[in-house]
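Subject: Handing over the structure, with notes

Dear colleague,

I am passing this structure on to you together with some notes on what was found in it. Please keep the sequence and the structure open beside this message while you read.

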Amino acid sequence: MKPSVTDSLRLDLDWQAFMAEHDMEWVVKPTSWNEGAYIGNGTIGAMVYGAEHAKKRRTLRFVMGRTDVTATRTDRDDFKPRVPIGEMNLELAGLIYNPTRLRVDLWNAELRGLLTTTCGEVRIRVLVHAEETVMAIELETSEEEREARLEWVPHSEVDDVLKFADGINVNQYIPLAEHETSREDGVTIAIQRFAGGEECGEGCVTAWKVMQMLEGRRVAFVSIQNSSTDEARKNAVEAVRKAASADFGEWVSAHRRWWHGYYRQSFLSIPDRHLESFYWIQMYKLASAARADSVLLDNQGPWLAPTPWAGNWFNMNVQMSYSPVYASNRLAIGESMVQAVADNREHLRENVPLPYRHDSAGLGRSGSFDLRSETGEEIGNLTWLCHCLWRQYRYSMDDGLLRDVLYPVLRGSVNYYLHLLHAGEDGKLHLPPSISPEYGSFKRLTVSDCHYDLALLRWGCETLLAADARLGNGDPLAGRWREVLDNLTPLPVDESGYMVGRGVPLAFGHRHFSHLLAVFPLHLVSPDREEERELIARSLRHWLDSEGDLRGFSFTGAASIAATLGWGDAALRLLRTLLGLIKPNTMYKEAGPVIETPLAGAESLHDMLLQSWGGTIRIFPAVPEEWREAAFHDLRAEGAFLVSAVRRAGATSFVRVKSLAGEPCEIRTGWTGAVHWRLAGEAACHVVQVADSRESITLPLNAGDDAILYPAGEEPELRIGPASGKTGPVRYFGGSKPWRLHGFPFRNLLEEDRT
């Protein structure tokens, strides 16, 4: 048997110590959602923070959420929005005082803290179990705080002082609810029934039990179930009883094992610790917000706060939220999107006008988890969602996904476009007026031959032809798709670059990159072709120069486009701009919380280190000049390749590529001259002469093969570990600690002054 690559490639890493540098940490009590400590398991979660109001300074809030709890609106006909549930409050004898220390241990996915009060101290440990719908709150109090207690408060009964501290958004629907509380064999059960949804049991059940442990510790086990039915009540009680009766140490160990396995799916390290910490917190956030069997990742995850966007937005938000899943080798989380589409294909068909439902599908701007959202003047949202499914396919090469889900849904979304196409006097095929998402939103501007739709239609036809060939379907529509590609009007361009649509230049600020979708993420145009490279660069500069309406997610898209051009320094500046816009706990908020922006920032970092569009894997394609060291291990590339690489002293030291599916492998290392490669475990070495750094190397890999590549000279040490020479703060995120950007800890500065 051929030796595994692990016989020669070593990941030299103390995971716990590495992750500890990136923990979120608070040195004073957090007092808002913007800086709260958050935990979750893809279904239930909590945002933990206190309050500054004199009435509530004895309270630590666990603002609870369950992602799939929605309510039928009674005020108007619209989709079922997410709704708040309530909170578990820790009520203390004394006022929460400083110093108060909290820390989210990323490696173990738990919150630990010491609350100092005017009476005594309370130690807490909190986790949402990785594999059960149960949260555990462990308390250990000093004698003065022995009366500290947990109280469940349904949202409608939360004190107005706290509600107004969180902010009130008049656009958010809050259902009227009836409450009922009971006890059953030591378990307390609180049922909320939402008005308007009584017939289908809309509401939720919260159940909890407090267990007295050894050494004066108490643990409260809390479960939340969607629905107010007897079955939901039973499930909540059983979940609490099961957790409470388990060996607590083993229960916690099972939780930790899941998270340790999750993190080990890939590794990434850069010398900028500030950005590196941001990245690893996004990996924590991703698995806290969604799992393979969870509902679709929406705008908030489990941490709902006052918002006008209590649902799923399909013209960017959902797509960007899933964007870091693919290269990070965390495809299991992407399965939640696959399942959502597979389960709701009939609704996607019903979203288009009646005359087209026999063969078409679509998706409007916003909706709930059932994907019911009528397609209006924003036509391409389903096609863009299919691009995420395509990425899930290309990174896994799961032909079952391609055949059973992606192909039929993409076919339906392209069919809808085909019904709308018309021939112009120029002999080209054109699209009617539609919306370019977020451009002139309040004016509801429509434009003919919109870039957003032309790009998605072209990508859709190209992808259907490739999928048809792969599956051997012999689809009768293949000729029509080729005809569209041959005759579709070109993407509109003027002297400033890509236009929003025919006759409509980018004339004012535009926060969305919908007018640049052909560049990113579709990669229909390539900087490898000089005329297209110049057009991409011109378009990016004009977009950013327009400023006006730029938002956090604008800079993630811009950073990925800069990375596509190979502009590492520019991409880094754009990501640092993003860091200035996110909240202290790495959340992002405009009129309400939107989770996609920081998650998309993680994808932008991937794009700086590894790209794999267009059938070519690109190693360190956009590394900033200041990053002399960098490393990644088992990042995933299109074609189902696991890729590892190390950069030392400003140059790529070696690359490892493992093929999982035996697909064609074209790789661009950036080296010139003699490039050596060998299969792991074999002595025979091949040498390829590369004349240009943009030239690709073809590797003949079968499924399961590993290849090691390195430049001329001796084979380097095949070791991957954290980047050396790191700059930036340790544990910067959590509470606002801007001083850590400037020489923290201060004791080091004082020692230097003393000497």
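Two strands are said to pair if DSSP finds at least two bridges between them, and helices (H or I, at least four residues) and strands (E, at least two) are DSSP runs, numbered from the N terminus. Please bear in mind that this is a predicted model, in which local features need pLDDT of at least 70 and side-chain atom pairs count only at pLDDT 80 or more, while totals for chains, interfaces and linings use all residues. Residues are numbered from 1 along each chain as its sequence is written, and side-chain values use heavy atoms, with hydrogens and water left out.

I begin with the strands β12, β13 and β14. Strand β12 (177-184) runs antiparallel to β13, and eight bridges join the two; within this pair, A177 stands opposite F194 in β13. The two strands form a hairpin with two residues between them, and D185 in the turn has a positive phi of about 50 degrees. Strand β13 also pairs with β14 in the antiparallel sense, over six bridges, and here I189 stands opposite A207 in β14. Buried means under 20% relative accessible area, exposed over 50%, and partly exposed in between, with a 1.4 Å probe and protein chains only. Seven of the eight residues of β13 are buried, so this strand is largely enclosed by the rest of the structure.

Which residues of α3 are buried? They are A232, A236, V237, A239, V240, A243 and A244. Seen down the axis of α3, these buried residues fall within an arc of 155 degrees, so they line one face of the helix; the arc is that of the directions from the helix axis to the C-beta atoms. On the other side of α3, D230, E231, K234, K242 and S245 are exposed. Contact means heavy atoms within 4.5 Å, and what covers the buried residues of α3 includes β12, β13, β14, β15 (217-226) and α4 (248-263).

In α11, 15 of the 21 residues are buried, so the helix is largely enclosed by the rest of the structure. Just after α11, G472 takes a positive phi of about 70 degrees.

Next comes an open sheet of four strands, which has the order β23-β24-β28-β31 and mixed pairing. Strands β23 (610-611) and β31 (697-699) stand at the edges, each with a single partner strand, so one side of each is left without a neighbour in the sheet. Two bridges join β23 to the antiparallel strand β24 (residues 617-619), and the bridge partner of L610 in β24 is I619.

Some details of the backbone also deserve a careful look. F620, in the loop between β24 and β25 (630-637), has a positive phi of about 45 degrees although it is not a glycine, and at 9% relative accessibility it counts as buried. A649, in the loop between β26 (641-648) and β27 (651-659), is likewise a residue other than glycine with a positive phi, near 55 degrees, but at 57% relative accessibility A649 counts as exposed. The peptide bond from N98 to P99 is cis, with omega near 10 degrees, and P99 has its place in strand β7 (residues 96-105). Another cis peptide bond joins F520 and P521, with omega of about 10 degrees.

Finally, I turn to the nonpolar cores, each a set of buried Ala, Val, Leu, Ile, Met, Phe, Trp, Tyr and Cys residues joined through side-chain atoms within 4.5 Å. Of the 223 residues in the largest core, F62, L90, I124, Y263, Y284, V643 and L709 touch the most other members. Helix α10 (residues 399-420) gives the most to this core, with 12 residues. Apart from it lies another core, of 20 residues, among them L127, A232, A236 and V252.

With best wishes
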